[in-house]
Amino acid sequence: MGAAVSRSAGYDPNRHLLRTPVDTEAPRRAARLRELGIGDAPVPAFDTYAHEVARALRAPYGVVNLLDEDRQYLAGLYTPPRGRVPGAPRARGGDLRVIARDHGYCPHVVVRRKALVLEDVRDYPRFAGNPVVDESGIRAYLGAPLIDRTGLALGTVCVVDLEPRRWGREGLETIKKAATDLVARIHRREDGLSDTF
């Protein structure tokens, strides 16, 4: 009886653990991604962009991550030679660019619509329990939302490291600028001003 009363009063015994945030915009985002023709296949220009961002931030991994209702899709990806995709399943087969909706930190960036800086995920109890920590060894994350002209956050541009990292103010500004620049490229293509991203 006591537990039932506590739960109804808002008690959550797992509140310190990471929970994927409720994303009420997911259906609209999925429709917008389809309209733009992105989100279900690798985009070579996004791979190049992810590499540029990783290089600018001296990070081993760079990602352009697009989210729909059920999954995350790494439309742009840079990994070091012989690197694993952070968050990807260890099993063979399947699309290694697809990540479960509850893995990683990008869903939080999309719902919050703000950049997220994690210099050492172990310092943040609510983020340290994420599956990517144990499955992929991610220790540091820096990501910013891709805010479309419709007001939707389409996904993120982010970098990760397997070691703790001090991203600093310069890193935060770099990732935010990278997100703004990539959205501008997407819009130019949509407007017919460019045939590539």
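Q: Two strands pair if DSSP finds at least two bridges between them. What makes β4 and β5 a pair?
A: In this predicted model, β4 and β5 are joined over three bridges in the antiparallel sense. The requirement is at least two bridges, so β4 and β5 pair. Within these strands, Leu116 stands opposite Gly143 of β5.

Q: What makes β5 and β6 paired strands, and in which sense do they run?
A: β5 and β6 are joined by seven bridges and run antiparallel. Gly143 has Cys158 as its bridge partner in β6. The hairpin of β5 and β6 has five residues between the strands, and Gly151 there takes a positive phi near 95°.

Q: Why are β3 and β4 said to stand at the edges of the sheet?
A: The open sheet consists of six strands in the order β3-β2-β1-β6-β5-β4, with antiparallel pairing. β3 (98–100) and β4 each have a single partner strand, so one side of each lacks a neighbour in the sheet. From one strand to the next, the twist averages 25°.

Q: Which helices lie across β6?
A: α2 lies across β1 and β6, and its direction is at about 90° to β6. α7 lies across β1, β4, β5 and β6, running at about 35° to β5.

Q: What makes β5 a mostly covered strand?
A: Of the eight residues of β5, seven are buried. The word "buried" requires under 20% relative accessible area.

Q: Why is Asp148 called buried?
A: Asp148 has 4% relative accessibility, and the limit is under 20%, so Asp148 is buried. Asp148 is placed in the loop between β5 and β6. Apart from residues up to four places away in sequence, Asp148 touches Arg32, Leu154, Val183 and His187.

Q: How do you know that the side chains of Asp148 and His187 form a polar contact?
A: The distance is 2.7 Å. A polar contact needs N or O atoms within 3.5 Å, so the distance between the side chains of Asp148 and His187 meets the cut-off.

Q: What makes Phe46 and Phe197 an aromatic pair, and how is the pair classed?
A: The search of the whole structure finds two aromatic pairs. In the pair of Phe46 and Phe197, the distance is 4.7 Å centre to centre and the angle between the planes is 50°. Centres within 6.5 Å form a pair, and planes under 30 degrees apart count as stacked and over 60 as edge-to-face, so this pair is tilted. The pair links distant parts of the chain, since Phe46 is in helix α3 and Phe197 in the segment after α7, 151 residues apart.

Q: How do you know whether Phe46 and Phe197 are buried or exposed?
A: Phe46 has a relative accessible area of 1%, and Phe197 has 14% relative accessibility. Both values are under 20%, so Phe46 and Phe197 are buried.

Q: Which residues have the most contacts inside the largest nonpolar core?
A: They are Ile38, Phe46, Val53, Leu146, Val157 and Ile175, in a core of 30 residues. At least two residues of this core come from each of α2 (26–36), α3 (44–56), β1 (61–67), β2 (71–78), β5 (140–147), β6 (153–161) and α7 (168–190). α7 gives the largest share, seven residues. Another core, of 19 residues, lies apart from it and includes Leu77, Cys106, Ile138 and Val160.

Q: With which residues is Ile38 in contact, leaving aside its neighbours within four places in sequence?
A: Ile38 is in contact with Leu33, Val43, Phe46, Leu66, Ile186 and Phe197. Contact here means heavy atoms within 4.5 Å.

Terms used:
Residues numbered from 1 in each chain as written. Predicted model: local features only at pLDDT ≥ 70, side-chain atom pairs only at ≥ 80, totals over all residues. Heavy atoms only, no water. Core = buried A, V, L, I, M, F, W, Y, C linked by side-chain atoms within 4.5 Å. Buried < 20%, exposed > 50% of the residue type's maximum accessible area, 1.4 Å probe, protein only. Helix = DSSP H or I, 4+ residues; strand = E, 2+ residues; numbered from the N terminus. Polar contact = N/O pair within 3.5 Å; in protein donor to acceptor, adjacent residues only side chain to side chain. Phe/Tyr/Trp six-rings, centres within 6.5 Å; stacked < 30°, edge-to-face > 60°. Axes fitted to C-alpha atoms, helices over the stretch in contact; angles between N-to-C directions.
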